[in-house]
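Work through the exercises below with the sequence and the coordinates at hand. Each task is followed by a stepwise solution.

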Amino acid sequence: MWYYYFLCGVKGIQEKFGISHLAGMSCLIDGTIPPSSGLSSSSALVCCAGLVTMEANKKSLSKVALAEICAKCEHYIGTEGGGMDQSISFLAERGTAKLIEFQPLRATDVKLPDGAVFVISNCCVEMNKAASSHYNIRVVECRIATKILAKARGLDPSTLSKLVHVQTELQASLEEMLALVEEKLHLEPYSREEICKILGISSEKFSTDLLSSNTQHLMHFKLYQRAKHVYGEAARVLQFKKVCDSEPADSVQLLGDLMNQSHASCRDLYKCSCTELDQLVDICLRSGAVGSRLTGAGWGGCAVSMVPSDRVEFFLQAVREAFYHPDSRRAAIEKQSLFVTKPGGGATVFVEG
């Protein structure tokens, strides 16, 4: 249920401060984000709940600490998410994009180029992460790939759970990690038996240590594809920032190309797109976007497109006519499904009086 996300935030603050009796709160919740659309509405609700619970109980934390708590307590919903959504919910600043990095959590300003805007378009396929195992399957596959890459390089697999941990331990570049994936992981899916043999663990330990409660049914795992996507996507993020920082004459086109590469990787390697999303991305590109890709968890939800400023009105009308108007259900919610967006500020408390 949607309000479970609110309870996650409440529980996170209660546990952080060891509050036995929480202050009472009367809450009215409103929002304009389309539900289950990959625009972080669930994480925003967790962060909102954490923030107001902290305020109501007269406690104080930094935005970074709040983001870290909310990222952890959202796991109570059953989805093994990262901390990106919660971090930007608190650390966002009006007028600038942010590069989010972890261990430790930090956010760096990224100035977006002039001459282009971002447009959100919803494919109208809802994706509830907590109600399916799609998201956690990818987490599990990345966790197993981490263990096998670590073992291949003489590291202790039991101490590492994320692909970035292997990179950090090896002090390797993303390009070197991509080469390691090519060298040590095979294209064909891995079976449970093969993974257990490589890692030297029992089938029982495999189930308890590597799988989540809603992925116990899995028998085969695509490790090469998932690891290649994760390291490749991380490299594209850094390349995106590099283009923004250096501001070449063709920066908008270069950034659009990176977005297109990202969607292709999400579609083909991470397999987190869907037919409607792919159709929408294609329409956006044909309608004048220089780049378009899915955003959020995937398997539904929204695409984000980079559109030259002087082409925005043409773009909006072309997407309406090609994607929304032919379908009565999409047409009915088109106004809240297709819109221009700009970097805004993060979570804030407004006090009356």
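**Exercise 1.** Which residues form a nonpolar patch on the surface, and what is their accessible area together?

Solution. Conventions come before the steps. The model is predicted, so local features need pLDDT of at least 70 and side-chain atom pairs pLDDT 80 or more, while totals for chains, interfaces and linings use all residues. Residues are numbered from 1 along each chain as its sequence is written, and side-chain values use heavy atoms, with hydrogens and water left out.

Step 1. Patch members have over 30% relative accessible area and no salt bridge; like charges are joined within 9 Å, nonpolar side chains (Val, Leu, Ile, Met, Phe, Trp, Tyr) within 5 Å. Areas come from the Shrake-Rupley method with a 1.4 Å probe, and for residues only the protein chains shown count as cover.
Step 2. The patch consists of Met1, Trp2, Tyr3, Tyr4, Leu7 and Ile29, with about 650 Å² together.
Step 3. Tyrosine 4 sits in helix H1 (residues 3–17); helices (H or I, at least four residues) are DSSP runs numbered from the N terminus, as are strands (E, at least two). Its relative accessibility is 41%, so tyrosine 4 is partly exposed (buried is under 20%, exposed over 50%, partly exposed in between; 1.4 Å probe, protein chains only).

**Exercise 2.** Determine how glutamate 141 and arginine 226 are joined, and state whether each is buried or exposed.

Solution. Step 1. The closest N and O atoms of the pair are 2.7 Å apart, a salt bridge (a side-chain nitrogen of Lys or Arg within 4 Å of a carboxyl oxygen of Asp or Glu).
Step 2. The bridge links distant parts of the chain: glutamate 141 belongs to helix H5 (residues 134–152) and arginine 226 to helix H10, 85 residues apart.
Step 3. Glutamate 141 has 3% relative accessibility and is therefore buried; arginine 226, at 4%, is buried too.

**Exercise 3.** Describe the salt bridge between lysine 205 and aspartate 209.

Solution. Step 1. The closest N and O atoms are 2.6 Å apart.
Step 2. Lysine 205 and aspartate 209 are separated by about one helical turn, because they lie 4 residues apart in helix H9 (residues 203–210).
Step 3. Lysine 205 is partly exposed at 41%, and aspartate 209 is partly exposed at 42%.

**Exercise 4.** Describe the salt bridge between glutamate 233 and arginine 236.

Solution. Step 1. The N to O distance is 2.9 Å.
Step 2. The two residues are 3 apart in helix H10, so about one helical turn separates them.
Step 3. Glutamate 233 and arginine 236 are both buried.
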